[in-house]
Amino acid sequence: MELRIEGVGKAFGAHWAVRDVSLRCDPGMIGLVGPNGAGKTTLMRMIAALIPPTRGRILWGGQDLRRDAMALRRVLGYLPQEFGVYPELTGRRFLRYLAAMKSLPDDLARRRVDELVELVNLEGDADRRLGGYSGGMKQRIGIAQALLNDPELLIVDEPTAGLDPAERIRFRTLLASLTADRIVILSTHIISDVEAVAGRLVILRAGDIAADSTPEALIGDAVGRVWSVTADAATAIRLQERGQVSAMVTDARGVTLRLISPDRPHEAAVPAEPTLEDAYLLAVGERAGVA
């Protein structure tokens, strides 16, 4: 079970959404992270054989998907960013309908749907109409449909967008339980979604790979580049203009900033222990939103 991506790029007209991506993926969870517009969804759609690469190739088990996409589709589970449902159907009937679309035999389909309803913790709601489901419940139905064929490759694209914090945690925990004997690729721009569950992070920036590493190694690379400083409002504004700010808090003492810089950004700055979010911002070269 191996997925290989070799020099893949995708152009839409004159714009290259993905430039020159090469990856080798083995069983386990891979977090594909990056800002909005970095090329994550385009790359996921190419891996799922929904759109062809403009250049390069994607291989599943050594087979080029452009010559034999069905070899992958038979073992693929896919939850796209925009997942539609039929609101008049119950969750259970919807899953059985999709199982029929995947050509699962009736007995296997019924058994598999019952197993998945339990797995995603929807036993008490499976016979309710989907139109009454919350966003988190619809996402759980989405992951259930992606698992109907017990896939060897599971792709989930921005699965926690719009979920409340509790639902995001439940969804991350569910995904983490699915990594045995399959490749799971989780695409997100929310670094906390992958911090606790992915042993490997691939960071995209403007269609290129900015980093391919473990969370621990990325944090290690940020040591000595993260600083904390408390200053007056005018100084804080100047510091924001000069470097990356990952956090900013205003209180009675003044404005406390968390800064990412290769050198001490201010005489009052002291070294801070880096987080994965700091390491991510360092890799993509962007400033975080501050509140």
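Helices here are DSSP runs of H or I at least four residues long, strands are runs of E of at least two, and both are numbered from the N terminus. This is a predicted model, where local features need pLDDT of at least 70, side-chain atom pairs count only at pLDDT 80 or more, and totals for chains, interfaces and linings use all residues. Residues are numbered from 1 along each chain as its sequence is written, and side-chain values use heavy atoms, with hydrogens and water left out.

**View A. Helices H3 and H4 pack against each other.** Two packed helices are described by the angle between their axes and the distance between the axes. For H3 (residues 91-101) and H4 (residues 106-119), the angle is about 135° and the axes are 10 Å apart. That makes H3 oblique to H4. Axes are lines fitted to C-alpha atoms, for helices over the stretch in contact, with angles running from 0 to 180 degrees between N-to-C directions. Under 35 degrees counts as roughly parallel, over 145 as roughly antiparallel, 65 to 115 as roughly perpendicular, and the rest as oblique.

**View B. Here are the residues where H3 meets H4.** On the H3 side, look for Arg-92, Leu-95, Arg-96 and Ala-99; on the H4 side, Ala-109, Arg-110, Val-113, Asp-114 and Val-117 (contact means heavy atoms within 4.5 Å). The residues of this contact split into five nonpolar, no polar and four charged. Ala, Val, Leu, Ile, Met, Phe, Trp, Tyr, Cys and Pro count as nonpolar, Asp, Glu, Lys and Arg as charged, and the others, Gly among them, as polar.

**View C. Glu-2 pairs with Arg-24 in a salt bridge.** A salt bridge is a side-chain nitrogen of Lys or Arg within 4 Å of a carboxyl oxygen of Asp or Glu, and by this rule the count comes to 21. The closest N and O atoms of Glu-2 and Arg-24 are 2.7 Å apart. Glu-2 sits in the segment before strand S1 (3-12) and Arg-24 in strand S2 (residues 15-25), so the pair ties together parts 22 residues apart in sequence. Glu-2 is buried, at 18% relative accessibility (buried is under 20% relative accessible area, exposed over 50%, partly exposed in between, with a 1.4 Å probe and protein chains only).

**View D. Glu-6 has salt bridges to Arg-4 and Arg-57.** The N to O distance is 3.1 Å for Arg-4 and 2.7 Å for Arg-57. Glu-6 belongs to strand S1 and Arg-57 to strand S4 (residues 55-60), so their pair links parts 51 residues apart in sequence. Shared partners join Glu-2, Arg-4, Glu-6, Arg-24, Asp-26 and Arg-57 into one salt-bridge network. Arg-4 is partly exposed at 27%, as are Glu-6 at 28% and Arg-57 at 31%.
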